[in-house]
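Please look at the sequence and the structure shown here, and then read the briefing below. It goes topic by topic.

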Amino acid sequence: MGAVAGKAESPRSLSISETKLESKMVEAMQRRAAKGSVMKSFNCIILKFPKIDESLRNCKDIFQQFDEDSNGAIDHDELKRAFSKLEVSFTDEEIDDLFAACDINEDMGIKFNEFIVLICIVFLLKDDQNAGQKKVDMGMPKLEATFETLVDAFVFLDKNKDGYVSKIEMVQAINETTTGERSSGPIAMKRFEEMDWDRNGMVNFKEFLFAFTRWIGIDDLDDEDEEE
């Protein structure tokens with residue numbers, strides 16, 4: 001999984017298409033942040049881990065449906081057909097950008113954890129496009145509710161609503177508790193370092209999602225499948 005998985009590989013530099021996608025994510029998150037977050041503390045996010053974990057693991061069946069050749073990864077053509085089945089109207093260029101951004105280890109295939117990140121980004125972008133209209137429906141209501149929780153968690157961390165999470169914001173978020181207790185700064189720094197895999201001091205939504213899949217053990221699920 002490259003640098004996100006904590007391995008020795010260095011994260012690759014962003015391409016123009018990925019930078020373009022990141023701009024779309026940031027703009028969508030900024031608009032979403034204007035609505036605020038129901039999260040009251042970082043502990044609230046942690047308490048949701050088990051439910052989020054269960055929901056995302058149930059997504060495995062959906063992933064396997066789209067992995068038509070059952071090789072453990074969704075290739076570019078399979079992804080296009082998956083979008084068609086989900087009735088998600090993205091252009092070929094947008095699909096290309098998403099594929100490039102989420103194929104972290106550049107093996108021309110979207111693994112399960114990468115698929116979760118990709119679909120959650122799709123949820124954010126499509127929900128943003130439909131702002132003021134009927135909410136986006138990808139035919140996965142339970143999973144979409146989980147994605148909304150993840151978006152809400154990021155909004156809670158993004159204190160200045162600029163579409164990124166900084167070290168200062170991470171410390172502030174972890175120090176906010178409903179009981180008035182304060183967590184330690186080192187915990188905040190460790191969590192931030194796990195998210196900021198390109199080490200630029202700012203965490204975008206994609207980086208947050210990859211870190212989150214590791215926090216709840218989704219990467220471990222990938223490893224188990226490869227061992228079978």
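A residue is called buried when its relative accessible area is under 20%, exposed when it is over 50%, and partly exposed in between, using a 1.4 Å probe and protein chains only. The model is predicted, so local features need pLDDT of at least 70 and side-chain atom pairs count only at pLDDT 80 or more, while totals for chains, interfaces and linings use all residues. Residues are numbered from 1 along each chain as its sequence is written, and side-chain values use heavy atoms, with hydrogens and water left out. Helices (H or I, at least four residues) and strands (E, at least two) are DSSP runs, numbered from the N terminus.

**Helix H8**

- H8 has 17 residues and spans 25 Å from its first C-alpha to its last, close to the expected 24 Å; the expected span is 1.5 Å times one less than the number of residues.
- Twelve of the 17 residues of H8 are buried, which makes the helix mostly covered.
- Among the buried residues of H8 are Leu 143, Thr 146, Phe 147, Leu 150, Phe 154 and Leu 157.
- The buried residues of H8 also include the charged-type names Glu 144 and Asp 152.

**The largest pocket**

- A pocket is an open set of points on a 1 Å grid over the protein atoms alone, where a 1.4 Å probe fits, with protein on both sides within 12 Å along at least five of seven lines; lining residues have an atom within 4 Å of a point.
- The largest pocket holds about 320 Å³ of space, a volume being the space filled by probe spheres set on the grid points, which are joined across faces, edges and corners.
- Its lining has 15 residues, and the closest to the centre are Lys 51, Ser 55, Lys 142, Leu 143 and Thr 146.
- Helix H3 (49-57) and helix H8 (141-157) are the elements that give two or more residues to this lining, and H8 gives the most, with six.
- By type, the lining of the largest pocket has seven nonpolar, four polar and four charged residues; Ala, Val, Leu, Ile, Met, Phe, Trp, Tyr, Cys and Pro count as nonpolar, Asp, Glu, Lys and Arg as charged, and the others, Gly among them, as polar.

**Aromatic rings**

- Rings of Phe, Tyr and Trp (its six-membered ring) pair if their centres lie within 6.5 Å, and planes under 30 degrees apart count as stacked, over 60 as edge-to-face and the rest as tilted.
- There are 13 aromatic pairs in the structure.
- One of them is edge-to-face, because the rings of Phe 63 and Phe 112 have planes at 65°, with centres 5.6 Å apart.
- This pair joins distant parts of the chain, with Phe 63 in helix H4 (residues 60-66) and Phe 112 in helix H7 (residues 112-129), 49 residues apart.
- Phe 63 is buried at 2% relative accessibility, and Phe 112 is buried at 0%.
- Ring pairs also link a cluster that includes Phe 49, Phe 154 and Trp 215.
- Phe 49 lies in helix H3 and is buried at 16% relative accessibility.

**Charges over rings**

- A charge sits over a ring if NZ of Lys or CZ of Arg is within 6 Å of the ring centre and within 35 degrees of the ring normal.
- Lys 159 lies over the face of Phe 156, 3.7 Å from the ring centre.
- The charged end of Arg 191 sits over the ring of Trp 215, 5.4 Å from its centre.
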